[in-house]
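Hi,

Here is the structure I said I'd pass on.

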Amino acid sequence: MGRRARDRRRQQQQRQERGGDGGGGDQAVWASGYPEIVKENELFERYYRELGIVPAGEWDAFMAALREPLPATLRITGYKSHAKEILHCLKNKYFKELQDLEVDGQKVEMPQSLSWYPEELAWHTNLSRKILRKSPELEKFHQFLVSETECGNISRQEAVSMIPPLVLDVNPHHKILDMCAAPGSKTAQLIEMLHADMNVPFPKGFVIANDVDNRRCYLLVHQAKRLNSPCIMVVNHDASSIPNLQIDIDGRKEVLFYDRILCDVPCSGDGTMRKNIDVWKKWTTQNSLQLHGLQLRIATRGVEQLAEGGRMVYSTCSLNPIENEAVIASLLEKSQGALELAEVSSELPGLKRMPGITKWKVMLKDGQWFEEWKDVPSNRQTQIRPTMFPIKEEEKLKAMNLERCLRILPHHQNTGGFFVAVLIKKSPMPWNKRQLKVNQKLLQRTGDTVEAAANSDDGSEDITEEPILVENEESKKMQKLQNSDTEQSKKEGVCGPPPSKKMKLFGFKEDPFVFLPEDDPLFPPIQKFYALDPSFPKMNLLTRTQEGKKRQLYMVSKELRNVLLNNSEKMKVINTGIKVWSRNSDGEQFGCAFRLAQEGIYTLYPFIHARIINVCIEDVKILLTQENPFLSKFSSETQKKVKDMAMGSIVLKYDPDPEKPDTLQCPIVLCGWQGKTSLRAFVPKNERLHYLRMMGVEVFKAKRKEEESESKTEEEVQYKQAQLAEGIDVENNVI
């Protein structure tokens with residue numbers, strides 16, 4: 001590092017000697033360490049001008065918007081009961097502090113709510129991430145955003161990427177597949193929609209979130225972990241050949257079909273030029289031509305797994321019709337009437353959108369245009385495929401209703417570019433009708449045995465434990481898929497079933513998911529200590545170890561348990577379940593070896609009938625601001641309740657007082673520990689700060705003070721004094 005620093009200083013001195021101090025722009029470029037990217041691409045302009053996706057007279061505004069930085073946007077998670085409290089805090093405290101504020105000579109505009117997002121739960125501002133991070137005037141606001149994001153109360157998500165989950169029309173009972181889910185902001189929206197009613201701890205629906213990249217799956221886990229849901233499962237498969245799953249229905253094995261599927265496919269990303277400025281210099285039409293086949297295969301696999309009457313949303317952050325309308329038109333054509341585009345023009349009022357187009361041409365990166373497949377010379381037919389061209393038969397084209405697709409242009413509402421199509425499945429896909437009887441015979445022949453599933457024709461293989469091979473193997477696999485697409489297209493043309501491909505699994509081998517046996521001696525002491533309701537679904541408890549002491553207990557919904565038990569050998573599960581109990585090293589002396597975990601407390605609380613202490617707002621403040629407060633500091637009511645209670649893990653519950661509207665108006669449930677002379681809360685640091693903000697307590701200075709201190713974090717101190725039951729969360733990546 002010393003040599004690099006000397007080289008940088010020498011280069012800076014040489015630069016100053018050549019040009020003096022230079023202009024402010026040069027200094028900004030030098031400070032960044034990279035030459036400024038010129039936001040020009042002649043081929044891009046030529047291509048989209050010719051296609052006419054931008055209305056007449058708006059081209060200059062379109063290009064000007066693409067050259068401007070993308071506004072920062074944030075979304076308040078809608079399923080938590082205190083979403084309104086967060087919104088109130090934002091509007092009446094943090095946004096007010098931004099009034100009349102100037103940063104680097106630029107006036108800070110007040111954040112505005114996205115007019116089309118329900119209940120004012122999404123906002124945008126002209127503040128870039130760089131300004132938010134580096135401006136002292138915005139430090140408090142930035143800390144608020146970071147802390148609330150870590151808690152899962154705020155998601156910093158691009159505005160247009162919020163659209164697909166909204167038009168998916170999700171209800172809490174829906175079985176949902178997110179095919180290309182990482183990094184997970186849309187998945188988080190889907191989870192929120194499942195938990196629309198916070199009084200229902202286990203919605204009947206679930207989300208299976210998939211991604212082909214093993215490493216990106218862990219980004220997905222991080223997003224899902226913040227929402228503490230028992231109804232999410234993260235899996236690692238190639239979306240174009242994701243296996244059919246089975247579930248048990250009244251003793252019968254049946255194929256799992258999804259009510260809702262989100263198909264946000266890999267794309268060229270030219271709608272993201274405002275934030276990914278590398279696209280300006282790297283953009284060519286070749287990107288779209290290479291991705292079209294993969295996108296079509298993924299979408300085809302999606303509609304195969306969609307239930308009749310179900311809805312699938314296909315989306316890209318690209319403006320190119322080769323990746324958008326061409327994929328949808330090809331899918332509609334080979335469905336032979338099994339699919340139709342939904343009319344969603346009345347949904348999301350306030351969102352400005354352009355209709356899908358019905359005419360387009362194909363261009364190579366050298367600028368050569370083709371209007372029809374018959375015009376493509378044979379030496380170009382490996383790059384250009386028949387499915388990339390628009391349908392020529394007018395009646396068939398009209399019946400497709402491609403104008404029902406949505407294209408979002410950046411200059412209309414100061415956003416990125418985006419494409420959305422909503423498909424409804426009216427009947428089975430033509431090739432599935434032929435294959436249905438074969439599948440039934442296969443089920444009858446294999447029965448319920450794990451061996452049959454492991455050796456079935458889905459092509460699943462043992463998972464490699466060599467992480468170093470992941471990247472190379474995946475790149476080979478993607479190339480193989482592209483080659484097979486070309487060969488299959490030559491043989492079959494537009495129609496027919498997708499090619500069957502061997503499923504491969506990559507990355508690390510995960511720890512097993514082991515459900516607690518019915519007669520496990522571990523559970524009765526827990527049930528007795530917390531007086532769990534007879535309706536508590538103990539069959540949904542699981543661990544991540546088959547041998548040795550069970551250190552953590554996790555919980556999934558009944559529906560996800562069904563999926564796990566019937567597909568363990570054909571599906572690579574990265575993560576599922578929320579932690580509900582952790583083992584104490586000396587827990588037995590307190591009557592129970594397991595203490596409650598904050599992550600799962602909102603799921604567990606409805607079933608707990610003992611060891612609950614109702615506390616007032618002042619008690620909550622003490623619990624969250626003091627490390628190990630003595631009992632004498634709490635209200636007399638709290639002291640009376642604690643007096644006759646044995647030491648150990650407890651639930652601390654705050655109920656709002658409607659007669660005091662100025663106080664916090666959402667319920668709070670905290671995990672705690674009662675000692676001989678003290679009472680404490682076991683709550684992660686960011687979650688503590690969140691609750692204190694909601695109660696109007698200033699936490700900014702306290703946080704700065706903590707950062708200056710060299711002592712261990714509050715959470716570490718708490719857990720160490722709570723008999724050290726932590727330590728494997730990062731290793732297991734458990735939600």
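This is a predicted model: local features need pLDDT of at least 70, side-chain atom pairs count only at pLDDT 80 or more; totals for chains, interfaces and linings use all residues.

Is Arg133 buried or exposed? Its relative accessibility is 57%, and exposed means over 50%, so Arg133 counts as exposed.

Now for the aromatic rings. Searching the whole structure turns up 20 aromatic pairs. One of them is Trp59 with Phe62: the ring centres are 5.2 Å apart and the planes meet at 45 degrees, so this pair is tilted. Both residues belong to helix 4 (residues 59-67), and because they are three residues apart there, about one helical turn separates them. Trp59 is buried, at 10% relative accessible area, and Phe62 is buried as well, at 0%.

Phe536 and Trp581 also pair up, this time edge-to-face, with 6.0 Å from centre to centre and 70 degrees between the planes. Which parts of the chain does this pair tie together? Phe536 is in the loop between helix 19 (523-529) and strand 21 (541-543), while Trp581 is in strand 24 (residues 578-583), so the pair links parts that lie 45 residues apart in sequence. Phe536 and Trp581 are both buried. They also belong to one aromatic cluster, together with Phe202, Phe523, Phe529, Tyr530 and Phe607.

Cheers

Technical notes: Residues are numbered from 1 along each chain as its sequence is written. Side-chain values use heavy atoms; hydrogens and water are left out. Buried means under 20% relative accessible area, exposed over 50%, partly exposed in between (1.4 Å probe, protein chains only). Rings of Phe, Tyr and Trp (its six-membered ring) pair if their centres lie within 6.5 Å; planes under 30 degrees apart count as stacked, over 60 as edge-to-face and the rest as tilted. Helices (H or I, at least four residues) and strands (E, at least two) are DSSP runs, numbered from the N terminus.
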